[in-house]
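User: I'm new to this one and would like to learn how to read its features. Could you walk me through them?

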Amino acid sequence: MSRTARRIFIAVWILLGLAGALDQTVALDVLGRRLDLVLPNLRYGYVMFNRNPRTVQVYSYLGKDGARHPLSELVPTPALGYSRARMEMNLLGDPDDLAEICYRAARATSSPLIFVVDEYRLDDDTHHPSRTVNLRCDTHGLAPR
Amino acid sequence: MASPLDKLFAPFEGERDPLPIAIFRIAFFGGLAIHFFPALCHLDDNYAPGVLRSDEWSHWLFVHVGRLPHAALEAAALVTMLAVLMCAVGLFTRVAAIVSGLGLYAFASANGLPVQTLALLDAWAILILWMICGGGEAALSLDALRRRKAGPRREPKLLSSLILFQILIAVFFSGIEKLLAGWPGSNEMGLLFSYPKGFLVRDWLWATPWLHGAIITRTLSWLTLFVELGTPILLLVRRTRLAALLVYEAFFVGIIAMLEVPPLFYFIFAFGALLALDGTDLRAIATRLGRPRR
């Protein structure tokens, strides 16, 4: 790369990086919309925990021993060090994933499984679920129990 | 005499000690391997026709990669994984970076469900830079062993400086986004720490109630803002660099110890800050550790 080309590249990269960061932080307030800056690294904002959900679901299933186990144990693709969060984020983004987890789990086992969904409303009570739903998972799919 | 333009671009031009970018290369591509390989080893669960998929990146790739025959998917996954490993060990690094970047982006586009995370934004940026600039293999690599060049090894500054910019801007604007979201007044950290067992927080944190108190969580909220807004600047100043690096590293160890975040996030951000270290810093660290470096 010649010196001029390199400097143009550096300047463009830095300006695009700044534009992307501003696009995710202030563009909506200033311009009323977000810009499409084409590059994949400029597509979303950088931060995950700036505003956290106040209603959350915790997913588990009843094992053969009758005890609850994290539902993420039934997800066939491992996520090293963050398996529960991987599953929870997927379910937050796409609730249909619960039926997919059931479909795969039901294929792998002969007996039906019970999925337990505890919903917590953190503004009301952080220690006890506001609602618990049991779902039966078998080869026919998911159904309330 | 250097012109103002030369001074402006000086952090990106010339050469530097190759050790920090070599360490980052191993950590970054190691992190990509940990993040992507499970999905690439379970092709039937994630990319077979009929499985639930999410469209997060390129819609064109989402549609077309999903239609590939199984053998082609398998070959693409194998080539991608091999390229990531070659980058980690520093063998034909630039070509391997191009192949791994294209392969990982294609698979992330084909289905976001097993791999989607905001750390991928930085991963794409770093991979694009690696494809364009090349480098990062002058130390701790098979390429360096193959070449066996005499004399002290050096590395062009361009790649490491642009990656450092990418990482520091992400950290700094994370702080800005939190400020705009009302931190620390809203005590979002308190909300995060009050999540039930099994949701985002690690079990030990859930089982340590004294850490959930308002004083602690508000202090941690302020500390988060201080680190995210302060260290990207302090890391660039020689006098404050080592102290800022210690605080920064402790912050990211704290995040991964307390929250279930992908290891890729830690590998990018914790090791990325090492790129702020130049030869003088490395000599100072080596001297303090009792192992002087030439």
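Analyst: Happy to. Keep in mind that this is a predicted model. Let's begin with cavities: a cavity is a set of grid points where a 1.4 Å probe fits but cannot get out. Here, the largest cavity has a volume of about 230 Å³.

User: How many cavities of 30 Å³ or more does a search of the whole structure find?

Analyst: The search turns up 3.

User: Which residues lie nearest the centre of the largest cavity?

Analyst: Those are Val75(A), Thr77(A), Asp97(A), Asp45(B) and Asn46(B), out of 18 lining residues. If you look at elements instead, α3 (83-93) and α4 of chain A and α3 (43-46) of chain B each give two or more residues to that lining. The top contributor is α4(A), with 4 residues.

User: And what classes of residue make up the lining of the largest cavity?

Analyst: You'll find 9 nonpolar, 4 polar and 5 charged residues there.

User: What lines the second largest cavity?

Analyst: From chain A, the lining takes Pro78(A), Ala79(A), Leu80(A), Tyr82(A) and Arg86(A). Helix α2 (residues 19-41) of chain B supplies the largest share, 3 residues. Sorted by class, this lining has 7 nonpolar, 1 polar and 1 charged.

User: Let's move to cysteines. What is a disulfide?

Analyst: In general, it's a covalent bond between the sulfur atoms of two cysteines. To call one here, the two sulfurs must be within 2.5 Å. Cys102(A) and Cys137(A) are joined this way, with an S to S distance of 2.3 Å. Where do they sit? Cys102(A) is in helix α4 (residues 97-108) of chain A and Cys137(A) in strand β4 (residues 131-138) of chain A, so the pair links distant parts of the chain, 35 residues apart. Over all chains, the count is 1 disulfide.

User: Why is the disulfide of Cys102(A) and Cys137(A) called right-handed?

Analyst: Because the torsion about its S-S bond is about 105 degrees.

User: Are Cys102(A) and Cys137(A) buried or exposed?

Analyst: Both are buried. As for chain B, Cys87(B) is in no disulfide, and its nearest cysteine sulfur, that of Cys133(B), is 14 Å away. Cys87(B) is buried too, at a relative accessible area of 0%. Cys133(B) is likewise in no disulfide.

User: Why does Cys133(B) count as buried?

Analyst: Because its relative accessibility is 18%, and buried means under 20%.

Terms used. Residues are numbered from 1 along each chain as its sequence is written. Chains are lettered from A and ligands numbered from 1 in the order in which they are written. This is a predicted model: local features need pLDDT of at least 70, side-chain atom pairs count only at pLDDT 80 or more; totals for chains, interfaces and linings use all residues. Side-chain values use heavy atoms; hydrogens and water are left out. Buried means under 20% relative accessible area, exposed over 50%, partly exposed in between (1.4 Å probe, protein chains only). On a 1 Å grid over the protein atoms alone, a cavity is a set of points where a 1.4 Å probe fits but cannot get out, and a pocket is an open set with protein on both sides within 12 Å along at least five of seven lines; lining residues have an atom within 4 Å of a point. Grid points are joined across faces, edges and corners, and a volume is the space filled by probe spheres set on the points. Ala, Val, Leu, Ile, Met, Phe, Trp, Tyr, Cys and Pro count as nonpolar, Asp, Glu, Lys and Arg as charged, and the others, Gly among them, as polar.
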